[in-house]
Amino acid sequence: MTLQDIRSCIDSFAPFATQEKWDNSGLLVGDPRGQITGVLVSLDVSPAAVARASETGCNAIVAHHPIIFQPIRTLTAESVPYQLAAKGIGAVCCHTPLDIAPGGINDLLADRLRTVLPCAEGSDLLEPDGCGRILTLTQEMYTADIAAAAKRVLGCTSVRFGGDTTHPVKRLGICSGAGSSMLEGCAGDCDCLLTGDVKHDRWYAAQSLRMGLIDCGHYHTEVIAVPYLAERLRSAFPGLSVTEFVEGDPVQYV
Ligand SMILES: [Zn+2]
């Protein structure tokens, strides 16, 4: 099995051709023809992920976030792409194709929330390109109560919420990672948006739009992809050594 085979497996359920224009997903580091001894699956290609791959004999990392995204101006020993190349470890990064794929991160997030929220069957798309989902609640809930339930089921240390929290929520928009730029686009269709990485101005935008807004953190809305990706690889390649690396929230709280 080669690194190209790993790329093709990911491409079969999260096609790289569907990536956003600004994205950089795909086989980013390594020799496509290189033989694979084991795969480490991680949310990020962090230095700790590279070290763990090395310790566990994995010469490929499948991660959600692209390890090369901004232009590379230096390639020194401290940089992760350098470390990967030096250790002969390849990297395949899923990113926006996995965000929008049926069964991908947003559907995983919907499934997880469904275990603590009273939801109707199925979901609608938050955006026509497939990013985000909308859950219809069978019992209206307040933003504060949705935030508390999400905190519990996603294992967050802290969840922030705001906007207009006085109205009951019937339609809940969700977007893994950082989706608060979608507030305006989904305002007519949702009463509240649950995402991560919410910036200051977005809380005021939510107030103006009379929507609730919940920030569960980028990490907690996406780390759910790790066991999913590992399972897809195990079922595609029986006998392949697949190691799940869940590093923990990179943010600390006081
Ligand atoms: Zn992300």
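I looked up Ala63 and found it opposite Cys93 in β4. I'm working from a predicted model, where local features need pLDDT of at least 70, side-chain atom pairs count only at pLDDT 80 or more, and totals for chains, interfaces and linings use all residues. Residues are numbered from 1 along each chain as its sequence is written.

Next I checked the strands themselves (DSSP runs of E, at least two residues; helices are runs of H or I, at least four; both numbered from the N terminus). β3 and β4 (residues 90-93) pair in the parallel sense over 4 bridges; pairing takes at least two DSSP bridges between the strands. β3, helix α3 (residues 80-87) and β4 form a right-handed β-α-β unit. Right-handed means that, with the strands pointing away from the viewer, the path from the first strand over the helix to the second runs clockwise.

Then I turned to β3 (residues 60-63): Ala60 and Val62 point one way, Ile61 and Ala63 the other, and all are buried. Buried means 20 or more other C-beta atoms within 10 Å of the residue's own, with C-beta atoms placed from the backbone. β2 and β3 pair in the parallel sense over 4 bridges. The chain gets from β2 to β3 through helix α2 (residues 47-55), in a right-handed crossover.

Last, I traced an open, mixed sheet of 6 strands, in the order β5-β6-β8-β9-β10-β7. β5 (124-125) and β7 (160-163) are at the edges with a single partner strand each, so one side of each has no neighbour in the sheet. Inside this sheet, β6 (residues 133-141) and β8 (residues 169-178) pair in the antiparallel sense over 5 bridges. I noted Ile174 in β8 as the bridge partner of Arg133.

How values were computed: Buried ≥ 20, exposed ≤ 12 C-beta atoms within 10 Å, placed from the backbone.
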